[in-house]
Amino acid sequence: MLDDLSRRQFLKGTGAGIAGSALGAFGFGDVEAAHAESIRPFKLARTVETRNTCPYCAVACGVILYAKPAEENAGKRKLLHIEGDPDHPTNRGTLCPKGAALLDFVRAPTRLTKPRYRAAGQTDFKEVSWDWALDRVTRLFKEDRDRNFIAANKAGVTVNRWNTTGFLAASATTNETAFVTYKMVRSAGGVILDNQARV
Amino acid sequence: MTNLWTDIRNTDLVVIMGGNAAEAHPCGFKWVTEAKANRGAKLIVVDPRFTRSASVADIYAPIRPGTDIAFLLGVINYCIANDKVQWPYVKSFTNAALLVKDGFGYKDGLFSGYDEAKRDYDKSSWDYQLDKQGFAAADDTLKNPRCVWNLLKTHVAAYTPELVERICGTPKDKFLKVAQTIAETSAPDKVMTSMYALGWTQHSKGSQNIRAMAILQLLLGNIGLRGGGMNALRGHSNIQGLTDIGLMSNLLPGYMAIPRDGEATLAAYLEKRTFKPLRPNQMSYFQNYKKFFVSFQKAMWGPAATAANDFAYDYLPKLDVPNYDVLRAFDLMYQGKLNGYVCQGFNPLLSVPNRKKVTAALSKLKFLVVMDPLDTETARFWENHGEFNDVDPAKIDTEVFQFPTTCFAEEDGSLTNSGRWIQWHWSGADAPGEARSDLWIMAQLHTRLKDLYLKEGGAFPDPIVKLHWPYKDPGSPTAEEVAREVNGYAIGPVMDPADPKKIILEAGKQVPGFAALRDDGSTASGCWIYAGSFTEAGNIMARRDNTDPGDAGLYPKWTFAWPANRRIIYNRASCDINGKPWDEKRKIIEWDDKAQKWAGYDVPDIAPTAKPGEVMPFIMNQEGVARLWVRDLMRDGPFPVHYEPFESPVANAMAPDIRGNPVARLFAGDKEQLGDVKEFPYVATSYRLTEHFHFWTKHVSVNAVLQPEFFVELGEALAKEKHIANGSWVRLWSKRGEVRAKAVVTKRIKPLICDGKPVHVIGVPLHWGFTGAAKKGYGPNSLTPFVGDANTDTPEFKAFLVNIEPIPAPAV
């Protein structure tokens, strides 16, 4: 039973407990009830909690995400709050000046929402569809690979490399993204490959 | 890290050099504070600036940027001269006694075999004397002049406290205080930890900075112990993981190597990687290389990788150069030899040195793809932002695609922290607009490319069209599906090596660890060191049991740590030769004589039944022991040597004719862009602020308010000399470019006296650009040289030359 008890239920339970016991015993039962009516419900009590880790440095502090459920927000879960995870052995609930402001990172006005394309010589991005953009990029890959793929070197050794398009992996993508990236790049013969370990 | 964040609380002495944990890793630095408060640990900080880490240090020693090796070899010299050596550890667990070939030598800054024209060494003399069985010869008395110990002793003898002061500018008394404090941890029950980051790696001899400290830690017997180790703090949340998974041009997952042109066949490739033990009875664990390699090929190409086709060896590309790292990529781009570039995150316009060259390079691309949650400068390199990005879009023909991606809060998956914890995280919100995960985008790029090749044919389509892609929805694999693949699984039944009729793992089951991997094609594993992370017991990375047996600080049931859930690597070395802990209070594991096996709080870093005294603790090394001298494994020498940065205010005190690292790579045109002290008299170094993370948090309103604008930091003496007032404007320029900024004049940077002359240091923080919520500004890469470390090609961001002058404030 305790295992099933969510943090939300726990908060609700303790709140009710206080009203019904300590304050009630002082004879403030009615006042308390009226007062409780006038206060808006605790915002986080309606949220869904998810465990996550901070995306910045490699201490990898545990964080708890609080989101408004999808059914209350046009079908998309919306983050309302992020705080340190007190159960996490490394940070024990603390966050630094960067981690403490994570909510503003997730909701930054400069978050991208649409695929965009800038044509040669142009001064603007224009919005495009995923299908168009992905097809165009894979076409460019294929043209470049077919034209420049090196099947064998001068000594006749099979080398099967494509060294005219490069790939730069980042610093905060998941290991699972990393492995699929590895598969995609190496299967095409990609040798120009690096990540942000150096800078 | 050899150890883990929470273990720092077990130390007696923290040395922060080449990093600034208090500001860059604040919640990890808490464990330094715990060690100080609860066990009276001391903190030493060696840094050009009096940082916030320094502000709580017991000893702070200033140092000139780029001279760490001289300092550390000075400490090693001090320890040897004063007999502050953990002798039983050094004699049993290092290669001190092994004998080196007679042809190997060192003179005037160079080792034997140097070829100036090639900027490289012929390393044939850099090896041990081998006996008839192929084992390295040894002299356990350490009297033979050719033993590693005597070579080391001779090599470091020149680095006296006087020379350290002359090179580093560290006052002799400060240096001696640091050396004495460090030397005390040579006692078996005293342990020191080394915490470092990009302050050590971003030099033209970055790898040797770390080698120097590793040698020192071995002499003191501090590797493998609780509270000890070599601890790279790591700047980003998954740099460890992306490197583990092999996203570097020269790597396969799990630190295996991509084949090279000289390795025409699988047999030739494996021949170089047999890793035969160099001492009797040693594990030399990479003898299992073929098992890991074949399992990787099976994960890549499934049924198309067979014994008959050498497990699809030719499906892998071969390298014709040592490394297609980011510097070489941008140099090729600059030469017009690269047509396309995909940036999965990253922000090279601000991260790769010599911004002018970077802009020119990107402008020559046919197409650029940028995947990022944020609107980065790189995606807008073609857009004019006045002095902050002075380009003419009409002259830039690069097609640019900007793909909106999810961020951490909107995706499932694992990230590997500096302590090798592979922590799973869960999506807690939905992505804005049409943003999609990087995983989805990469899967789409593969499946669409595959479709084109199936329809149209083209250059060698086999590796693409036969790539194993076992996901329920091929266009959108789940993180869990990929995590299972990375861990590895049995393809056919896996048999017991001791009894070929006995099945130990049924077909289709997840492998429990890398010991189950086979070289006959019966297993697949995307990354062998991650085996054990997603087993038949479930997603081990998602574990959240924070119990800590023995109050050891190891938390063995919290997530999964590679390899094999081992929290402290080399932990066998925490015990003496007989298997008893050096310090009972710091026990991690010990040899149980009755049960005849190793046991304790952590997974033993040795075969569980390997007898103490026979099998040595450094099981990945062919010698079984740790290397004070590394044979031919480093390009710039088996021992570290002091070299000046490529741009230095003084000549090399040991070898005045050598500029920079004599084997570091210089591309055509970049040498001419190196500045000279006459024109650029001041040393500059880059750094982070505690309020910002790289170029991300300038998009975050809170952080943009906390540190709104770019500045440069200089000391009071230089400010006075140049008539620069605090808060006034300056121009800072190098041979490659200039920045304009407000000057912050502080007491935190003081002139250092090097070679009799004062050297002024200027700090350049790295968090500004032209997108986001903060004011527009510059990054250090507008100034820094296009040269990197001789081994890793990590750019030299931490030591370069500039000039400075006051300028009028810009019109508002």
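Axes here are lines fitted to C-alpha atoms, for helices over the stretch in contact, and angles run from 0 to 180 degrees between N-to-C directions. Two residues are in contact if their C-beta atoms, placed from the backbone, lie within 7 Å. Helices (H or I, at least four residues) and strands (E, at least two) are DSSP runs, numbered from the N terminus. Two strands pair if DSSP finds at least two bridges between them.

This is a predicted model: local features need pLDDT of at least 70, side-chain atom pairs count only at pLDDT 80 or more, and totals for chains, interfaces and linings use all residues. Residues are numbered from 1 along each chain as its sequence is written, while chains are lettered from A and ligands numbered from 1 in the order in which they are written.

**Parallel sheet of chain B**

Five strands of chain B form an open sheet in the order β3-β2-β1-β8-β9, with parallel pairing. Its edge strands are β3 and β9 (230-232), and each pairs on one side only. From one strand to the next, the twist averages 15°.

Strand β2(B) (residues 42-46) is mostly covered, with 4 of its 5 residues buried (buried means 20 or more other C-beta atoms within 10 Å of the residue's own, exposed 12 or fewer, partly exposed in between; C-beta atoms are placed from the backbone). B:Ile44 in β2(B) is the bridge partner of B:Val15. The bridge partner of B:Ile44 in β3(B) is B:Ile59.

Helix α10(B) (residues 206-219) lies across β8 and β9, at about 150° to β9(B).

**Strand pairs**

| Strands | Sense | Bridges |
|---|---|---|
| β1(B) (residues 13-17) and β2(B) | parallel | 5 bridges |
| β2(B) and β3(B) (residues 59-61) | parallel | 3 bridges |
| β15(B) and β16(B) (residues 421-425) | antiparallel | 4 bridges |
| β8(A) (residues 165-168) and β12(B) (residues 340-344) | parallel | 4 bridges |

**Antiparallel sheet of chain B**

A 3-strand open sheet has the order β15-β16-β23 in chain B, with antiparallel pairing. β15 (413-416) and β23 (560-561) stand at the edges with a single partner strand each, so one side of each is left without a neighbour in the sheet. B:Ser414 stands opposite B:Trp424 in β16(B). Chain A reaches this region: helix α6(A) (residues 175-187) lies across β15 and β16 of chain B, at about 95° to β15(B).

**Interface**

In total, 105 residues of chain A are in contact with 137 residues of chain B. The chain A side divides into 53 nonpolar, 30 polar and 22 charged residues. Here Ala, Val, Leu, Ile, Met, Phe, Trp, Tyr, Cys and Pro count as nonpolar, Asp, Glu, Lys and Arg as charged, and the others, Gly among them, as polar.

**Helix α17 of chain B**

Helix α17(B) (residues 438-456) has 19 residues and should span 27 Å at 1.5 Å a residue; its end C-alpha atoms are 27 Å apart, which agrees. The expected span is 1.5 Å times one less than the number of residues. Just after α17(B), B:Gly457 takes a positive phi of about 70°.

**Confidence in chain A**

Chain A averages a pLDDT of 88, and 85% of its residues score at least 70. pLDDT is the predictor's confidence in each residue, from 0 to 100. Over residues 1-24 of chain A the pLDDT is below 50; this stretch has 13 contacts in the model beyond near neighbours in sequence.
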